[in-house]
Amino acid sequence: MDLSCDRKETIMNRRYLIVSIILLAILTGGALISVIPVSPLLSGSATIPSEPEQTSVVTTEQTPVYTPTIITVPQSTTLPTPPLAIASGSGAVYPYPLSTTALEQRVHELINQQRAGNGLSTLSFDPALAGIARNHSKDMAVHHYFAHINTAGQNPTDRGTTANYSCRKNFGSYYTSGIAENLFLNNLYTAATFYSNRETVYHWNSPEDIAQITVADWMNSSGHRDNILTPAFDREGIGVIIASEKVYITEDFC
């Protein structure tokens with residue numbers, strides 16, 4: 001009688017383990033659908049325990065593009081879509097060195113790669129524009145919103161005016177005025193799986209993943225891509241603020 005019970009319990013435990021692994025694989029895979037990464041896939045060294053209680057899947061988000069002036073731009077090329085680099089680890093400690101200024105510069109480099117690949121001049125990095133962008137990312141993080149219009153009702157150009165920054169260009173027969181903007185809400189991890197009998201397992205994004213995902217999603221959105229590939233723009237500022245697991249990224253153009 002005891003032997004039969006032990007066998008039944010062993011079979012049931014194996015079934016729970018198989019179902020748990022399949023469920024975790026499906027949920028983890030689902031977190032990759034909406035992003036376009038660029039690094040080789042890395043497998044975590046930790047084994048997958050049984051009986052996951054809950055998995056939280058994190059998604060990225062972008063707003064409708066803000067473009068004060070509409071300009072016809074050349075056809076762009078899409079970014080390649082190799083698999084995402086994911087480092088799995090337990091605990092809520094981010095496993096990579098992370099500098100927001102370095103991340104701003106990396107996004108700027110990737111933007112200029114896209115412009116150069118489409119036959120356009122590269123953008124200079126404007127510290128004043130970066131300050132305006134950084135302040136907006138901070139405002140969104142502090143006040144828990146995600147939009148081009150801030151809590152004071154200011155659009156990107158209004159925010160520039162408040163900072164005594166004017167973007168006006170005279171092309172002879174016409175002129176342009178105003179700051180264009182792209183926004184992206186990224187995450188430090190793509191998914192977190194919670195267990196009743198062990199620490200939470202996080203699937204972290206590296207800083208390179210964050211930069212690549214951001215630019216790739218912008219390039220696959222027509223309005224954001226048009227801002228990036230607008231010939232009349234000659235400078236930009238990138239502002240990154242990290243609040244909890246959220247990464248707020250503002251890109252302002254002039």
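Residues are classed by relative accessible area: buried means under 20%, exposed over 50%, and partly exposed in between, with a 1.4 Å probe and protein chains only. At 37% relative accessibility, Asn220 therefore counts as partly exposed. The model is predicted: local features need pLDDT of at least 70, side-chain atom pairs count only at pLDDT 80 or more, and totals for chains, interfaces and linings use all residues. Residues are numbered from 1 along each chain as its sequence is written, and side-chain values use heavy atoms, leaving out hydrogens and water.

The chain has 254 residues, and 46% of them are buried. Its secondary structure comprises six helices and ten strands. These are DSSP runs, numbered from the N terminus: helices are H or I with at least four residues, strands are E with at least two.

Four strands form an open sheet in the order 3-9-10-6, with mixed pairing. Strands count as paired if DSSP finds at least two bridges between them. Strand 3 (124-125) and strand 6 stand at the edges with a single partner strand each, so one side of each lacks a neighbour in the sheet. Strand 3 and strand 9 run parallel and are joined by two bridges. Ser124 stands opposite Arg235 of strand 9, and Phe125 stands opposite Glu236. Glu236 also has a bridge partner in strand 10, namely Phe253. Strand 9 and strand 10 run antiparallel, with eight bridges. Their hairpin has two residues between the strands, and Ser244 takes a positive phi near 60° there.

Helix 2 lies across strand 3, strand 9 and strand 10, at about 140° to strand 9. Helix 5 touches strand 6 and strand 10, and its direction makes about 135° with that of strand 6. Axes are lines fitted to C-alpha atoms, for helices over the stretch in contact, and angles run from 0 to 180 degrees between N-to-C directions.

A nonpolar core is a set of buried Ala, Val, Leu, Ile, Met, Phe, Trp, Tyr and Cys residues joined through side-chain atoms within 4.5 Å. The largest has 28 residues; among those touching the most other members are Val107, Ile111, Ile210 and Trp218. Elements giving two or more residues to this core include helix 2 (100-117), strand 7 (189-195) and strand 10 (246-253). Helix 5 gives the most, with six residues. Val107 touches Ala211, Val215, Trp218 and Ile238, not counting residues up to four places away in sequence. A second, separate core has seven residues, including Tyr145, Phe146, Leu185 and Tyr248.

Strand 7 is largely enclosed by the rest of the structure, because six of its seven residues are buried. Strand 7 pairs with strand 8 in the antiparallel sense over four bridges. A hairpin of five residues joins strand 7 to strand 8. Within this pair, Ala191 stands opposite His203 of strand 8.

Asn220 lies in the loop between helix 5 and helix 6 (222-228). A polar atom of the Asn220 side chain is 2.8 Å from the backbone oxygen of Ala216.

Terms used
Contact means heavy atoms within 4.5 Å. A polar contact is a pair of N or O atoms within 3.5 Å; within protein, one must be able to donate a hydrogen and the other to accept it, and residues adjacent in sequence count only if both atoms are side-chain atoms.
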